[in-house]
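Thanks for taking a look at this one with me. Below are some notes to read alongside the model, one topic at a time.

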Amino acid sequence: MKALVVGAGMGGLAAAIELAAAGADVTVIEAAPRAGGKAGIAVIEGLTVDTGPSVLTLPEVFDALFQRAGLSLAEAVTLRQPTPATRYLDPDVGAIDILSGVEPTLDSVRDALGPDAAEQAQRFLQYARRIWDASAPWFVYGPAPTPDRLPSLLPAAVRHLPAIDPLRTMDAALDRLVSHPSLRRIFRRYATYNGSDPRQAPATLHCIAHVEIGLGVYAVQGGIHALVDALVHAATRLGVRFRFGERVASIAVQHRRVTGLTLADGEVLVADAIVANADAAHVLHDLLPSRPRPGFSDRPPSMSGWTAILRARATPDLAGHTVLFPEDYSAEFADIFDRDRPPSSPTVYLCAQHRAHGLGTWSDGTEPVFAMANAPAEPRSTSRDPAVWDALESSVRRRLRSAGLMGVDDAIVWTRTPAGLAQAFPGTRGAIYGSSSNDRTAAFRRPPNRAPRLRGLYLASGSAHPGGGMPLCALSGVQAAQAALTDLGPIRPRW
């Protein structure tokens, strides 16, 4: 099989490894000068820093990928487990530390908020684990729940429906389980891990709390880009070729089957299979001919975010991962999803990359700190006034300085707005996690990995099944590759 992978993000790298390990001839086409996609980097005064994802969950997903290349995750990178996993700075009570592991987290909650809050947290985390155990085989690790699979899924779905809890919203479930306002802020935040709104998203997404607390949060020595580099090495070891700095102009289709693609410089490449590690909307509207097209439609985008790198002095309250909550957390979701504007008083997430990932510092002792404030994706047909991002940056500065997390001499040395993200990743509108999950049918309406009505085209990204976030994007690539191998016949494995 001759396979072309469009894009070298997590989904593209995973697909390339899976295909090449099965014996396919694989070439990856990437418009950027390096791999990683949204797991990007910036080099600032000689120091390489991460500009995208800052935590690793479900490391077994990546271990399985490295094993396809005859390696292991432990051989490829060194994992770290910062303590605390996340420090929340709450407007009512101050610092609350969440750790990797349920019992350590409950002890920390008990110390910070008292025994009643710890009981509520325990009840909620048991509930979150039940959701994960019931839903992960069907909605994460299994093929997309497409209409043709529904008859086989229905018996299990009915049996597990109470545990999966898809009919209530995240907020409605919290209303029953958690009354402590500080805990409610922490557990509501898990909706933002896939860019959704806890007032609308199904309670099923509370499983994310179990993934982070019950299964653990990890950092990567040297930064997330060290994991990207290791995946490129694994793919190259299997014979995958990479062509960086080359943009795909179109995908060729004949008789409802893809035959290859054309690069921006006019070069034509033929293929038996194409795995598109790009936003599904970009594939649909920009790369494919007008007819025939797969039968998936655009969905409302997830959140985006204003992101920055701070050059900061060390402060005692700053953990490897720190979240600064506003007084009114609900107002943030109303601003983003109801009013389509950046929040007036944003939650600010910080990753101190030296403390979390062991990245270096600058010669004067300042360290790189990644900052993020949630924001709406870009409008479909117009651009926002750039002044709104200046206002958001000013608000972030003000909040960090008021909390003692940013000194007067600390500098913001790199920024990216949702408009910049949209420009870098066509079709996304700047959304970080693909489409939002703000309705009960989101999992069933997400594009499957096998593009409908077009033989030989497969989708591997956060906008396709099973969704956004590094491990899910990698699983998207694995499932896209497995679909191609199923459709186009067995190949002699390399390993």
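A crossing is called left-handed if the near helix is turned anticlockwise from the far one by less than a right angle, and right-handed if clockwise. Please keep in mind that this is a predicted model, in which local features need pLDDT of at least 70 and side-chain atom pairs count only at pLDDT 80 or more, while totals for chains, interfaces and linings use all residues. Residues are numbered from 1 along each chain as its sequence is written, and side-chain values use heavy atoms, with hydrogens and water left out.

1. **Helices H5 and H7.** H5 passes H7 in a right-handed crossing; helices (H or I, at least four residues) and strands (E, at least two) are DSSP runs, numbered from the N terminus. The axes of H5 (residues 115-139) and H7 (residues 170-177) come within 10 Å and cross at roughly 135 degrees. Axes here are lines fitted to C-alpha atoms, for helices over the stretch in contact, and angles run from 0 to 180 degrees between N-to-C directions. H5 is therefore oblique to H7: angles under 35 degrees count as roughly parallel, over 145 as roughly antiparallel, 65 to 115 as roughly perpendicular and the rest as oblique.

2. **What touches between H5 and H7.** From H5, the contact (heavy atoms within 4.5 Å) is made by Gln120, Arg123, Phe124 and Tyr127, and from H7 by Ala173, Leu174, Arg176 and Leu177. These residues divide into 5 nonpolar, 1 polar and 2 charged. For the classes, Ala, Val, Leu, Ile, Met, Phe, Trp, Tyr, Cys and Pro count as nonpolar, Asp, Glu, Lys and Arg as charged, and the others, Gly among them, as polar.

3. **Helices H1 and H10.** How do H1 and H10 cross, left-handed or right-handed? H1 passes H10 in a left-handed crossing. The axes of H1 (residues 10-21) and H10 (residues 224-237) come within 9 Å and cross at roughly 25 degrees, so the two helices are roughly parallel to each other. Met10, Leu13 and Ile17 of H1 meet Leu227, Val228, Leu231, Val232, Ala234 and Ala235 of H10. By class, this contact has 9 nonpolar, no polar and no charged residues.

4. **Cysteines.** The structure holds 0 disulfides, a disulfide being a pair of cysteine sulfur atoms within 2.5 Å. For Cys351, the nearest cysteine sulfur is that of Cys473, 18 Å away. Cys351 is buried, with a relative accessible area of 0%; buried means under 20%, exposed over 50% and partly exposed in between (1.4 Å probe, protein chains only). Cys473 is in no disulfide either, and the nearest cysteine sulfur to it, that of Cys207, is 15 Å away. Cys473 also counts as buried, at 15% relative accessibility.

5. **Cis peptide bonds.** Thr83 and Pro84 are joined by a cis peptide bond, with omega about 0 degrees. Pro84 sits in the loop between strand S5 (79-80) and strand S6 (86-90). A cis peptide bond also joins His465 and Pro466, again with omega about 0 degrees. Pro466 is found in the loop between strand S19 (457-459) and helix H17 (470-488).

6. **Positive phi values.** Leu58 is not a glycine, yet has a positive phi of about 50 degrees. Leu58 lies in the loop between strand S4 (47-50) and helix H2 (59-68), and is buried at 3% relative accessible area. Arg429 has a positive phi too, near 55 degrees, and belongs to the loop between helix H15 (418-424) and helix H16 (442-445). Is Arg429 buried or partly exposed? At 23% relative accessibility, Arg429 counts as partly exposed.
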